[in-house]
Each structure stands twice: as C-alpha cells, then as structure tokens.
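We will go from pocket to ligand to cavity, one stop at a time.

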Amino acid sequence: MPESNASSTILTEAHGRVGLIRLNRPAQLNALNDELMDALGSAMLSHDANADIGVILITGSDKAFAAGADIPVMADWSYIDVYQSGFISRNWETIRQVRKPVIAAVSGFAMGGGCELALACDIILAAESARFALPEVKLAMLPGAGGTQRLPRAVGKAKAMDMCLSARMLNADEADRYGLVSRVVPDAELQTMALKLATQIAGYSLPALMAIKESVNRAHESSLSEGILFERRALHARFASEDAHEGMHAFMGKRPPVFKHR
Ligand code: CO8
C-alpha cells in the first residue's frame, strides 16, 4: 500500500520503488508559486537520496499538469526583486540536481512554466487531453524556466520559434509528432500507464539508470566526440558494477536478474 504524505501544494506517495509527486493547487490549475516549487524541490531531493526509490514520477490533475508560473504573484515584482532573489534559479532548477530518472505524466494544460517543468523531466507521458504551450509572449514575458533552451533541443528551432513567438498550443498528437513527448496514452489510462512505466524502469539497476541519464544528457551539452568519450567511460564503469555482472549472468542462465542496485 502506498504511504501518503500531504503538504499544502504537493502530495507525495511511495508506490514500491516509485516516488510519486502530485502537484496540488487545483483552484489555480497547479500554478507554480514559490511554496510549490520549494516543496517540489525538497520532495525530489528526498526521493533522490532515498535508496528505496528508483524513479520519480511527477503528475498533476486531470485538468492541468500546471498552468505555468503564478501570474498574480509575479505581477508587481521589480527587476531587483527577481535578480537579487534569483527567481527561477533559486528553486526551479533543483530538478537538474536529480540523478534518478524523472517522469512527467501530463494530463490537461502544461502551459508556460508547467510545460518547462515537463521539458526538464526525462520522459513525458501525455494523456490525449494534454495541451502544451509557451504563452509567455502574451504577457510580454519570455519562457524563462528553460523553455527557450530545452524546447529547440526537443523539437528543433523552427517549431520552437513558432511555439515561443506565437504562443501556439499543441495537442497531444502534435506534441508526439514533434518529439516533445515520449508517448501518448488514453486519458483514463494515464496514471496506470505512468506508474507501470515508472515501476518497470525502477526495477532496473539504479546505477545503470543513473549512468544512462547522465550519458543521454551529455548529448545536449557536449560535442559528439566528447559525448561518445563520456559514454564509453560510463560503459567501462559498468564493468565495476555487481548488477551488470548479475544482469549478464542471469541472461546466460535464462533466469530473471536480482539487482542489488550496486
Ligand atoms: N497563475 C495563477 N493562476 C492561474 C494561472 C497561472 N498561471 N493559470 C490559471 N490560473 C487560475 C485562474 O486565474 C483561475 O482562477 P479563478 O478561478 O480564481 O479566476 C483558475 O486558475 C482557473 O483558470 P481559468 O478560469 O482561466 O481556466 P480555463 O479553463 O478557462 O483556462 C488556461 C485555462 C487556458 C490554462 C488559462 O487559465 C490560462 O491561460 N492560464 C495562464 C497560462 C499562462 O499564461 N501560463 C504562463 C505563465 S508565465 C510562466 O509560466 C513563465 C514561467 C517561467 C518564467 C517566468 C516568467 C514569466
């Protein structure tokens, strides 16, 4: 049975080796304020440090994954307010410290910062009702939580420019075709499929998952030859892992592997 633990803005549950985090400001369509982003960051770091958790799953409500940064909160901030306090950097980027796989299960609106939060996750599972947009231009703002950087890497410059400059909203099929999401599933199956996928991944050797995540992320942050070298060293390091030997011997013995996450 999952254990439930509520804070005001997020709900967390452990499902086996999956740490589920549900964004929970339904009246504001999960708009992302400091309280929520602080709670989300703490929950992610806590799951990352917990040896019993292998994968983190972030989800919202049926109507909204998250409708973006909390607009009324930001409306009267000055430049010096946001510069001195490190707005965005101070708590939105915690996700970059997380070394375990993070899956976003998106139903309904993923707008602005909500879309950017999903983009910062490693896998995006979208319900058919999912809608993705970076509408900051309508506020005379810009996608400032990684959107102008991660979106072009995900979908290419032409489509990213279109979304950022026109605020165009994508449905789940378009997001799938563009490569913005990993998979699309029926609405009624999103939570089950997301948990099933997270449970499957969490059953693999955790150090292997961490090395794969680190290597894939390198693809965006280095030249091909540097990335290949990083990957090769990560592969060589797998031979120092008990689980890798167990995985190969289990295959040869035609039995399921027993991973110790070492
Ligand atoms: N912030 C605060 N409250 C919100 C937000 C938000 N982003 N989005 C929705 N809400 C609130 C509404 O105000 C409303 O509250 P109330 O009932 O008290 O009036 C409630 O949620 C329900 O919303 P709607 O009635 O508007 O619901 P609809 O189904 O009619 O529309 C939409 C849903 C299309 C999602 C619509 O709410 C909308 O357009 N929301 C704003 C989306 C948006 O612009 N997001 C981007 C925000 S900016 C951002 O995320 C940038 C982050 C990174 C850097 C920061 C730089 C700006």
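Start by selecting Ala120, Cys121, Asp122, Lys213 and Asn217, which lie nearest the centre of the largest pocket, among the 34 residues that line it. A pocket here is an open set of points on a 1 Å grid over the protein atoms alone, with protein on both sides within 12 Å along at least five of seven lines, and a lining residue has an atom within 4 Å of a point. This is a predicted model, in which local features need pLDDT of at least 70 and side-chain atom pairs count only at pLDDT 80 or more, while totals for chains, interfaces and linings use all residues. Residues are numbered from 1 along each chain as its sequence is written, and side-chain values use heavy atoms, with hydrogens and water left out.

Two or more lining residues come from each of β6 (102–106), α4, β8 (123–127), α5 (147–155) and α9 (206–221). Helices (H or I, at least four residues) and strands (E, at least two) are DSSP runs, numbered from the N terminus. Which of them gives the most to the lining of the largest pocket? It is α9, with ten residues. The pocket holds about 1100 Å³ of space, where a volume is the space filled by probe spheres set on grid points joined across faces, edges and corners. Its lining has 19 nonpolar, six polar and nine charged residues. In these classes Ala, Val, Leu, Ile, Met, Phe, Trp, Tyr, Cys and Pro count as nonpolar, Asp, Glu, Lys and Arg as charged, and the others, Gly among them, as polar.

Next, show the second largest pocket, with about 410 Å³ of space. Select Ala69, Met74, Gly112, Glu136 and Leu139, the closest to its centre of the 23 residues that line it. Both α2 and α4 supply at least two residues of this lining, which divides into 16 nonpolar, four polar and three charged.

Keep Ala69 and Glu136 selected and bring up the ligand. The two are among the closest of the 26 residues that surround it, together with Lys63, Ala67 and Gly113; being near means having a heavy atom within 4 Å.

- At Gly113, a backbone N or O atom lies 2.7 Å from a ligand oxygen.
- At Lys63, a polar side-chain atom is 2.8 Å from an oxygen atom of the ligand.
- At Ala27, a polar backbone atom is 3.4 Å from a ligand oxygen.

The ligand on its own has 1000 Å² of accessible area, and the protein covers 63% of it (Shrake-Rupley method, 1.4 Å probe). In the shell around the ligand, α2 (71–74), β7 (109–111) and α4 (113–120) each supply at least two residues, and the largest share, three residues, comes from α2.

Last stop: the cavities, sets of points where a 1.4 Å probe fits but cannot get out. There are two of 30 Å³ or more. For the largest, about 50 Å³ in volume, select lining residues including Leu32, Met37, Ala69, Trp77, Phe87 and Trp92. Both α1 (34–49) and α2 supply at least two residues here. The second largest cavity, about 30 Å³, is lined by residues including Met37, Leu40, Met44, Trp92 and Ile95. How many charged residues does its lining have? None: the lining has five nonpolar and three polar residues.

Conventions:
A polar contact is a pair of N or O atoms within 3.5 Å; within protein, one must be able to donate a hydrogen and the other to accept it, and residues adjacent in sequence count only if both atoms are side-chain atoms.
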